[in-house]
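These are my notebook entries on a single chain. I went through the helices, their packing and a set of individual residues, and I recorded what I looked up.

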Amino acid sequence: MGDVLRLGTTIQKTLDLVSRCTQAETSDNYGALGDQVEDLEAQAREAFQSKMDFASLLPKLKAAKPLTPADLKTLELLIVGDAEYFLKYETEFDHWKSEIQQLVGEISKLQSGLQGSGLDVDGLMHLRALCGEVRRVLPAIVYYLDQKERASKFQEATRGPIDAEASRVLAEIVEQMLVSDKM
């Protein structure tokens, strides 16, 4: 119950900061929001881990015993659940790709200015701004694709029986995740 109350308090604090950001759009306010969201994510991770049954999973992995479907689901949630849920709820991927295409189209138009006298200062600054926008959007696309590939690799790796070496590696991963404040 304490985790739920603590999480509720942190969510409210996050929402209050969002409101403050809306009222005063400053880098300091949004920086504080970033820190607050990081705290919220950490608490959500801790609450998630407290609800999962790792006590029965780890000994099975260490002994290379067969995993039940429930064990596999627990392992999946722990190792790639964040990626799967990101993919499940992310709605901007197509928009990001379209934005990149539009920006590259603008860059292509500027290329025609290179014929003849080249780009003037305004054209060069426009090109720099477009490049900055592409650099702003690309990390979101790369992150999305990384998560998709990560989830896919896990599904592929656990499609068949898990051998002794894979069990040992998975046990180490689970143990590291349980002690890490980032995983």
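**Entry 1: Helix H1**

I began with Arg20, which counts as partly exposed because its relative accessibility is 39%. The cut-offs I used are under 20% relative accessible area for buried, over 50% for exposed, and partly exposed in between, with a 1.4 Å probe and protein chains only. The model is a predicted one, in which local features need pLDDT of at least 70 and side-chain atom pairs count only at pLDDT 80 or more, while totals for chains, interfaces and linings use all residues. Residues are numbered from 1 along each chain as its sequence is written, and side-chain values use heavy atoms, with hydrogens and water left out.

I located Arg20 in helix H1. Helices (H or I, at least four residues) and strands (E, at least two) are DSSP runs, numbered from the N terminus. With residues up to four places away in sequence not counted, Arg20 touches Asn29 and Ala32; contact means heavy atoms within 4.5 Å. I also noted 8.9 Å between the C-alpha atoms of Arg20 and Tyr30, which are 10 residues apart along the chain.

Arg6 also has its place in helix H1. I recorded Arg6 as partly exposed, at a relative accessible area of 42%. Apart from neighbours within four places in sequence, Arg6 is in contact with Gln43 and Glu46.

**Entry 2: Helix H2**

I then turned to helix H2, residues 27-51. H2 has 25 residues and reaches 36 Å from first C-alpha to last, close to the expected 36 Å at 1.5 Å a residue. The expected span is 1.5 Å times one less than the number of residues in the helix.

Which residues of H2 are buried? I listed Asn29, Leu33, Gln36, Leu40, Gln43, Arg45, Ala47 and Gln49. They pack against helix H1 (2-23), H3, H4 and helix H7 (164-179).

I found 26 Å between the C-alpha atoms of Asp28 and Arg45, which are 17 residues apart along the chain.

I next examined how helix H3 (residues 54-62) meets helix H4 (residues 69-89): their axes come within 10 Å and cross at roughly 100 degrees. H3 is therefore roughly perpendicular to H4. Phe54, Ser56, Leu57, Lys60 and Leu61 of H3 make the contact with Asp71, Thr74, Leu75 and Leu78 of H4.

For this geometry, axes are lines fitted to C-alpha atoms, for helices over the stretch in contact, and angles run from 0 to 180 degrees between N-to-C directions. Angles under 35 degrees count as roughly parallel, over 145 as roughly antiparallel, 65 to 115 as roughly perpendicular and the rest as oblique.

In the loop between H3 and H4 I found Ala64. Ala64 has a positive phi of about 55 degrees although it is not a glycine. Most residues other than glycine have a negative phi. Ala64 counts as partly exposed, at 32% relative accessibility.

Asp82 lies in helix H4 and is partly exposed, with a relative accessible area of 45%. Leaving out neighbours within four places in sequence, I recorded contacts of Asp82 with Leu77, Gln147 and Arg150. The C-alpha atoms of Asp82 and Gly31 are separated by 23 Å.

I found Glu99 in helix H5. Is Glu99 buried or exposed? Glu99 counts as buried, since its relative accessibility is 17%. Not counting residues up to four places away in sequence, Glu99 touches Glu133, Arg136 and Val137.

Helix H6 (residues 121-157) has 37 residues and reaches 53 Å from its first C-alpha to its last, close to the 54 Å expected at 1.5 Å a residue. I located a kink of about 25 degrees at Val137 in H6, shortly before the proline Pro139. The bend at a residue is the angle between axes fitted to the seven residues ending there and the seven starting there.

The buried residues of H6 include Val137, Tyr144 and Gln147. I noted that the buried residues of H6 pack against H4 and helix H5 (93-111).
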